[in-house]
Amino acid sequence: MSLASALSTAQSIFTNSGTQSGVVSKNIANAQNPDYVRRSAVVVTGGNGAVIDDIVRAQNSPLLRQTIESTSVANGQATLLAGLTEIKNLMGGNNNEISPAKLITAFRNNLDAFTSKANDTGLGGAVISTAQDLASGLNTAADKLQKIRKDADDQIKQDVDTLNALLAKFEAVNNQVKNATASGADANDALDERDGLLKKIAEIVGVTSYVRGDNDMVLYTSDGVTLFEAVPRKVTFQATAAFDASTVGNGVYIDGVALKPGVSGNTTAKGSIQALMQVRDTVAPIFQSQLDEIARTLITVFAETGPTGALVPQTGLFTYKDAAGVQQTAIPAAGTTVPGIASRIFVNPVVVPPAGNPDKFRDGGINGVAYVVNTGGGSSYRDLLDKYNQALEGPMTFDNDTEIADAPDLLSFAADSMGWLEQLRSTATSSDETKTALLTRTLEAYSSSTGVSLDEELSLLLDIEQSYKAGTKLMATVDEMMQALLDIAS
């Protein structure tokens, strides 16, 4: 080896060591960055020894696609579960202490006691009090349910705005990747940033990607709608100012195509938007219809029909207001949901102390003298109370839209309503655990393949150090040889 060759080799060692040290240092600095993909300095043999050919990312496209898919699926499921948990909390927590089923049971217990001792005005007052609790519970649950729908609608708006902003950033970063690739510059940092944006997009909407020439990426939704191709497609949504039981939320459109809400407890939703739409447009409205049917049936069960049952039925213990706030006396049609009646049901003031008289509930006559059943005026009269008690378990027809219309009576329907919610939430919970576990395993696999291992990087630093030492030793040897030559020449 000539001295010139030795100097060139030493220079190559120092250059390579510097570049490798820089790559390793950057890897170590980003060890905790989930969007960073490990770099490696590729060394090849050149004319004057080894040289750095390229800095490459430890990219794994199949695992990245699986990570994106798992992120969408898990986030959609988690969003649905959060919505279902919020609805369950309306019922008082784990034991559903203020659910309609529990409130009806408490009301009926007092009704039983009053029936057995109809001359006890204190028991009559207790029945009216628990009836008020029942009506108030339905009012509160229905109103808060609509607030949940409003909150979901607001979150959809926020997610749509975020998605549009992410797509705008994605366009800028994608252009950086394309330009760097086309010019042969280092595109690695831009690729990391683009993958990070893709993960955030996947949390909001299901997305698939396709890479074409110059590393240009195209995005589609899970349903095949173009989300990004050269430029982002517009995602549009108009928020709703307020919600009641009759309100239908607006759709989300991607490139003019409506996004579908998720379906079932093991939801088909990918990303938060589809799950929020499922809560807003499916889960909450169905539960609202169940509350409305409970309210309608209570009004029907306790309607007044007069001493022979031949008079026009009028609202009795429970009555309601129409959408304009006017008290009604007509009994709603059987088997058909009256939207929002659960938020408008209340106990007739005629029987509410101190201004009202609970005896009118026992005797009849809430709607006037013609409706009095206890015409003899006996204080122990109980026939009408028995009739009401039996009607609570009498056959009823419920709206099919409630999804529990096969319930035979009001008590069963109220219990089935909570069962419906619990079953849906149980399915969502187990599915959330499964999908979260899949996401965790996918992230671990992706991290193992593309992430930074500090042990490996520190080991590589030792190798680089040894290489650098070899270079310094070679330089020292060349220096000694040059000095010897100079000594001979002098």
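This is a predicted model: local features need pLDDT of at least 70, side-chain atom pairs count only at pLDDT 80 or more; totals for chains, interfaces and linings use all residues.
Begin by selecting residues 121-183, which form helix H4, and residues 188-204, which form helix H5. The axes of H4 and H5 come within 9 Å and cross at roughly 160°. Angles over 145 degrees count as roughly antiparallel, and H4 and H5 are therefore roughly antiparallel to each other. Their crossing is left-handed.

Next, display the side chains where H4 and H5 touch. On H4, the residues in contact include Leu163, Leu166, Phe170 and Val173. On H5, those taking part include Leu191, Leu197, Ile201 and Ile204. Charged residues may also be selected here, among them Asp159 and Lys169 of H4 and Glu193 and Arg194 of H5. Taken as a whole, the contact of H4 with H5 consists of 11 nonpolar, three polar and five charged residues.

**The sheet**

Now select strand S10 (residues 318-321), together with strands S11 (327-328) and S12 (345-347). These three strands form an open sheet with antiparallel pairing, in the order S11-S10-S12. Strands S11 and S12 stand at the edges and have a single partner strand each, so one side of each is left without a neighbour in the sheet.

Turn to the pairing of S10 with S12, which is antiparallel and extends over three bridges. Within this region, select threonine 319 and phenylalanine 346: the threonine stands opposite the phenylalanine, which belongs to S12.

**Helices across the sheet**

Finally, show H4 again with the sheet. Helix H4 lies across S10 and S12 and runs at about 165° to S12.

Note on methods:
Residues are numbered from 1 along each chain as its sequence is written. Side-chain values use heavy atoms; hydrogens and water are left out. Axes are lines fitted to C-alpha atoms, for helices over the stretch in contact, and angles run from 0 to 180 degrees between N-to-C directions. Helices (H or I, at least four residues) and strands (E, at least two) are DSSP runs, numbered from the N terminus. Angles under 35 degrees count as roughly parallel, over 145 as roughly antiparallel, 65 to 115 as roughly perpendicular and the rest as oblique. A crossing is left-handed if the near helix is turned anticlockwise from the far one by less than a right angle, and right-handed if clockwise. Contact means heavy atoms within 4.5 Å. Two strands pair if DSSP finds at least two bridges between them.
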